[in-house]
Amino acid sequence: MSELLRVPAPADELGRIFADHGHALYLVGGSVRDSLLGRAKSAPDLDFTTDARPERVLEITRGWAEATWEAGIAFGTVGLARRGVRFEVTTYRSETYDRTSRNPTVTYGDGLHDDLVRRDFTVNAMAVSVPGHDFVDLFGGMADLARGVLRTPGVPEASFDDDPLRILRAARFEAALGLTPVPELVAAMRSRAERIKIVSPERVRDELRKLIASPNPMAGLERLVEVGVADIVLPELGAMRMEIDEHHQHKDVYAHTMTVLSQAMALEDDGPDEILRWAALLHDIGKPRTRRHIPGGRVSFHHHEVVGRDMTRRRLTALRFPKDVTDAICSLVFLHLRFHGYGSGEWTDSAVRRYVHDAGPQLNRLHKLVRSDCTTRNRRKAESLARTYDSLEERIADLAASEEIASIRPELSGDDIMALLALPPSRLVGKAREHMLDVRFERGLLGREAAEAELLRWARENGIPVPVPGDEPGGDV
């Protein structure tokens, strides 16, 4: 076992402190599991269980820990930090839950068995004593790892009743570790799906974000759809089933979406790109609401990118996603069809500038999303689309060499406009700026003199008095 289990040196260091004070300390949970899988991190967060009560943990680690956290002390947990490593030490627990509550009622257990039996899955219910390195596997977690299955230490329904978030964790473990839930676990996930409603949006969000960043998020998402949990936490996903896509390349939009997600992942540069993955997953969620039957037995989904953007914002907001992440994903959902609106390659300079400007910092992700959205099995069609997009990227590169198209702005600022037209801050200034931005798109860089002349021409055309030299700015308009 020693050749499989590599206990981090900081764990042994803390274990010696506990042993010197007459207490047992066990490394538990993910770090033990990951060590057996050969996935141990160089500076992991470490979870422990002990017979020492929280107050005693604080007492015996005083002077050793460089920082402590007591936010979880009501649940028997103390947080410690030393030399960049975080330690979470929890007293042996035996928990019971109020069926309507999100939080456990904690009672301290009498030994290690009581603590391990209450853990979510057998693969997380293995422990190693520190510093002695005695391996404890009371529920067959190591065998489950070897077989690639996911089980609970006790009855799965009781486990999910205790903490419904474990249903999402089961899907995440399938996505992250390739562990297949045993049939009785799947049945419990399905029968207890409604329990997820008592879990806070923040906890649901955190699990979904971890799932989407996993090596195989499709497996976890499909499991959530299968057992009905997606209908509660991400209902837009399941709604895409059986919605025939306009290209008729997949039996439903749901299957197409999973393919797009997989293809987007293949284009990632440096590890999981959460924003790209969410955009790939949600890019077509507007299709069910925009589906229309048209002559010839076909269907259309006009403006599904607009509807999808708004649906995406509502869902991510409800899940308490950070605003910057939400904005980025919504932008990609909204823009994912823009490329197809420009025909087969007849891109004007104006169209290229607008495409780059509207994509902003998401341009590179937009490139990947658009390419991933091609799931046709028609090789000739796929190659044609790829060539067309290649030409667009070449045009962007050519324009970028002569202009700063990634940060296109009007040649005249708001202050310039107010000074030239003698206007106070107002909506009219905003309209003038929008016009000058359109000019920038259509005609490129004009130069200061020509830009000012264009502004004055626009003002006269729209009935805005143009001041003569010497007039005081800010007069009535």
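Helices (DSSP runs of H or I, at least four residues) and strands (runs of E, at least two) are numbered from the N terminus, and in this scheme Ile417 has its place in helix α21, residues 414-421. The structure is a predicted model, in which local features need a pLDDT of at least 70 and side-chain atom pairs count only at pLDDT 80 or more, while totals for chains, interfaces and linings use all residues. Residues are numbered from 1 along each chain as its sequence is written, and side-chain values use heavy atoms, with hydrogens and water left out.

We can begin with the chain as a whole. The protein chain holds 23 helices and 13 strands, and of its 477 residues 49% are buried, where buried means under 20% relative accessible area, exposed means over 50%, and partly exposed lies in between, using a 1.4 Å probe and protein chains only. Among contacts (heavy atoms within 4.5 Å) between residues at least 6 apart in sequence, 66% join residues at least 24 apart.

From there we can turn to strand β5, which covers residues 85-91 and has 5 of its 7 residues buried. Two strands pair if DSSP finds at least two bridges between them, and β5 has such links with strand β2 (residues 46-50), to which 5 bridges join it in a parallel arrangement, Leu46 having Phe87 in β5 as its bridge partner. Strand β4 (residues 77-82) is joined to β5 by 6 bridges and runs antiparallel to it, with Val78 standing opposite Val89. Strands β4 and β5 form a hairpin with 2 residues between them, and in the turn Arg83 has a positive phi of about 50 degrees.

The next topic is the interior. In soluble globular proteins, nonpolar side chains tend to be buried together. A nonpolar core is a set of buried Ala, Val, Leu, Ile, Met, Phe, Trp, Tyr and Cys residues joined through side-chain atoms within 4.5 Å. The largest such core has 104 residues, of which Phe48, Leu281 and Tyr355 touch the most other members. This core draws at least three residues from each of domain 1 (9-145) and domain 2 (273-406), the domain bounds coming from an automatic or database domain assignment. A second, separate core of 13 residues includes Ala432, Met436, Ala459 and Ile464.

Finally, we return to Ile417, which is buried, with a relative accessible area of 0%. Leaving aside neighbours within four places in sequence, Ile417 is in contact with Leu412, Ala422, Val429, Ala432, Arg433 and Leu455. Ile417 and Val429 are 12 residues apart in sequence, and their C-alpha atoms are 6.7 Å apart in space.
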